[in-house]
Amino acid sequence: MQEPNSDLPGLGQFYCLHCDRYFNNASVRDDHYKTKKHKKRVKIMEGAAPHNQIDAEVAAGMGHPDNGPRLQVEDSSMAL
Ligand SMILES: [Zn+2]
C-alpha cells in the first residue's frame, strides 16, 4: 500500500513499479501501460526472474516448462 504523498503526481497513488514512475491518474497510467517503453521494461524485469518468464511463455502459448535436457523433446517429436 502506498501512503498518499502530496509531493508526487496523483499523490503517489498511480505508480508503475516496472518503470519507477508516478502518474496523475489511473487513465494516464493505463495509457502508459500500453506503451512500448513500458512493455519493454516489463520484459526485462520478468527476464530477470526465470520462473516468471516461464509462466509468461506458458500463458502466451509460446512454450512449456522445460527443466530437463532437450533429448526428451526429441523423443516426443519422434512419436508423432
Ligand atoms: Zn511502466
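1. Let us begin with a definition: helices (H or I, at least four residues) and strands (E, at least two) are DSSP runs, numbered from the N terminus. The protein has 4 helices and 2 strands, and along the sequence they come in the order β-β-α-α-α-α. Cys19 sits in the loop that joins β1 (15-16) to β2 (21-22).

2. Please keep in mind that this is a predicted model, where local features need pLDDT of at least 70, side-chain atom pairs count only at pLDDT 80 or more, and totals for chains, interfaces and linings use all residues. Residues are numbered from 1 along each chain as its sequence is written, and side-chain values use heavy atoms, with hydrogens and water left out.

3. Which residues coordinate the zinc ion? They are Cys16 (SG), Cys19 (SG), His32 (NE2) and His38 (ND1), at 1.9 to 2.3 Å. Donors here are N, O and S atoms within 2.8 Å of the metal (3.2 Å for Na, K and Ca); water is not among the atoms, so sites may look incomplete. Along the chain, the donors of the zinc ion are spaced as C-x2-C-x12-H-x5-H.

4. Now look at the angles. Those among the 4 donor atoms of the zinc ion run from 103 to 115°, and the site is tetrahedral. For four donors, that word requires all angles to lie between 85 and 135 degrees.

5. The UniProt record, an unreviewed entry, places the feature "domain: C2H2-type" at residues 16-38. UniProt positions are given in the numbering used here, feature names are shortened, and annotations may be inferred rather than shown by experiment. In the model, the end C-alpha atoms of residues 16-38 are 9 Å apart, and the span is 48% helix and 13% strand.

6. Is Cys19 buried or exposed? Cys19 counts as buried because its relative accessibility is 16%, and the cut-offs are under 20% relative accessible area for buried, over 50% for exposed, and partly exposed in between (1.4 Å probe, protein chains only). Cys16 is buried as well. Across the 80 residues of the protein, 14% count as buried.

7. Setting aside neighbours within four places in sequence, Cys19 is in contact (heavy atoms within 4.5 Å) with His32, His38 and Arg41. Cys19 and Lys39, 20 residues apart in sequence, have C-alpha atoms 9.7 Å apart in space.

8. How many salt bridges does the structure hold? There is 1 salt bridge, a term for a side-chain nitrogen of Lys or Arg within 4 Å of a carboxyl oxygen of Asp or Glu. Lys34 forms a salt bridge with Asp31, with the closest N and O atoms 4.0 Å apart. Lys34 counts as exposed because its relative accessibility is 60%, while Asp31, at 46%, is partly exposed.

9. Finally, two backbone angles to check. Most residues other than glycine have a negative phi. Leu11, in the segment before β1, has a positive phi near 60°. Asp20, in the loop between β1 and β2, has a positive phi of about 55°. Leu11 is partly exposed at 44% relative accessibility, and Asp20 is exposed at 53%.

How values were computed:
Four donors count as tetrahedral if all angles lie between 85 and 135 degrees; four count as square planar and six as octahedral if opposite donors are over 155 degrees apart and all others between 65 and 115; anything else is irregular.
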